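This briefing walks through one protein chain, from its overall make-up to a few selected residues. Please keep the sequence and the model in view while reading.

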Amino acid sequence: MTRPLAIAAALAAVSCKPAPKAPLEVVPLSGADIYSMRCSVCHQQDGGGIPGNCPPFQNSPRLAGPPGELFHLALQGRRGEVVRNGETYNGVMPAWRDELSDDQIAAVLNYILETWQPGAARVSTGEVSAARAATENAPLLPQDG
């Protein structure tokens, strides 16, 4: 094979290779989507909870208060008794630290706040990131008390 033909063959071989595949882009989920997939099993789609197990979001002092406890619950989870409006709940809130990104946690918390505590301030991804860093070494599923 002459030199020009060898160069042409080499160029053809390079140009025939398929382009590398780009990573699949994940469609961002809304807070409502995340709530439906992760939270509604226990808290129910209407936020009413499960008697004796998962407290409802309606009239929740946690939603009306500062967001620090919400971040802690979402990231670290909780188990043990919770008394709300005279009713005792004794379930397990899973830790979502390893399952959801800061953006996703902010989105679902904002959905919960918008739906069941409309006047509450919204949370930012930066606040969730700071809470994640602050609780990095905290135990998951701490006993309520």
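How many helices and strands does the secondary structure of the protein chain come to? In this predicted model, the protein chain comprises 6 helices and 2 strands, and from the N terminus on these elements follow the order α-α-α-α-β-β-α-α. The points below are grouped by topic.

- Among the contacts in the protein chain with a separation of 6 or more, 56% are between residues 24 or more positions apart.

**Helix H5**
- Helix H5 covers residues 102-116, and its 15 residues reach 21 Å from the first C-alpha to the last, close to the 21 Å expected at 1.5 Å a residue.
- The buried residues of H5 include Ile105, Val108, Leu109, Ile112 and Trp116, and the cover over the buried residues of this helix includes helices H2 (31-43), H3 (61-64), H4 (68-76) and H6 (125-134).
- Leaving out residues up to four places away in sequence, Tyr111 touches Gly31, Ala32, Tyr35 and Trp116.

**Salt bridges**
- The count of salt bridges comes to 5, one of which joins the side chains of Arg38 and Glu99 at 3.7 Å, N to O.
- Because Arg38 lies in helix H2 and Glu99 in the loop between strand E2 (87-93) and H5, this pair ties together parts that are 61 residues apart in sequence.
- Both partners are partly exposed, Arg38 with a relative accessible area of 30% and Glu99 with one of 47%.
- Glu69 forms a salt bridge with Arg62 at 2.5 Å and another with Arg78 at 3.0 Å, and these shared partners join Arg62, Glu69 and Arg78 into one network.

**Arg84, a buried charge**
- Arg84 belongs to strand E1 (residues 78-84) and is buried yet has no salt bridge, the nearest side chain of opposite charge being Glu69, 7.5 Å away.
- The side chain of Arg84 does, however, reach the backbone oxygen of Pro56 at 2.7 Å.
- Leaving aside neighbours within four places in sequence, the residues in contact with Arg84 are Pro55, Pro56, Asn59, Ser60, Pro61, Arg62 and Tyr89.

Key. Residues numbered from 1 in each chain as written. Predicted model: local features only at pLDDT ≥ 70, side-chain atom pairs only at ≥ 80, totals over all residues. Heavy atoms only, no water. Helix = DSSP H or I, 4+ residues; strand = E, 2+ residues; numbered from the N terminus. Contact = heavy atoms within 4.5 Å. Buried < 20%, exposed > 50% of the residue type's maximum accessible area, 1.4 Å probe, protein only. Lys, Arg positive; Asp, Glu negative; His and termini not counted. Salt bridge = Lys/Arg side-chain N within 4 Å of Asp/Glu carboxyl O. Polar contact = N/O pair within 3.5 Å; in protein donor to acceptor, adjacent residues only side chain to side chain. Expected span 1.5 Å × (residues − 1).
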